[in-house]
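Have the sequence and the 3D view open side by side.

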Amino acid sequence: MAREVFDDLAAFALVARERSFTKAAAKLGMSQSALSQTIRHLEKRLGLPLLTRTTRSVAPTEAGEKLLGTVAPRFEEIEA
């Protein structure tokens, strides 16, 4: 369970940074639809919308920005 949450948060952080499901999915080596499902699952688990999606753009919601501000530095530390 903890690994799943970690992976979902990492996927969210990448989508939020790239502002694109297509670019994030390519970097993660998964389909765009699988990535979208992962993010929807995370949003459902947290009970908050994390991303605003339109046909042309993706942007973090206010809650998404807060979460990104919390998790992104941790992922950067882990990567280093």
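A polar contact is a pair of N or O atoms within 3.5 Å; within protein, one must be able to donate a hydrogen and the other to accept it, and residues adjacent in sequence count only if both atoms are side-chain atoms. The model is predicted, so local features need pLDDT of at least 70 and side-chain atom pairs count only at pLDDT 80 or more, while totals for chains, interfaces and linings use all residues. Residues are numbered from 1 along each chain as its sequence is written, and side-chain values use heavy atoms, with hydrogens and water left out.

Start at Ser 20, in the loop between helix H1 (2-18) and helix H2 (21-28). Helices (H or I, at least four residues) and strands (E, at least two) are DSSP runs, numbered from the N terminus. A polar atom of the Ser 20 side chain lies 3.3 Å from the backbone nitrogen of Thr 22. Ser 20 has a relative accessible area of 15% and is therefore buried; buried means under 20%, exposed over 50% and partly exposed in between (1.4 Å probe, protein chains only). Leaving aside residues up to four places away in sequence, Ser 20 touches Val 15 and Val 58, where contact means heavy atoms within 4.5 Å.

Now turn to helix H3. Its buried residues are Leu 35, Ser 36, Thr 38, Ile 39, Leu 42 and Glu 43. Seen down the axis of H3, they fall within an arc of 155°, so they line one face of the helix; the arc is that of the directions from the helix axis to the C-beta atoms. These buried residues pack against H1, H2 and strand E1 (51-53). Ser 33, Gln 37 and Lys 44, on the other side of H3, are exposed. After H3 comes Gly 47, with a positive phi near 75°.
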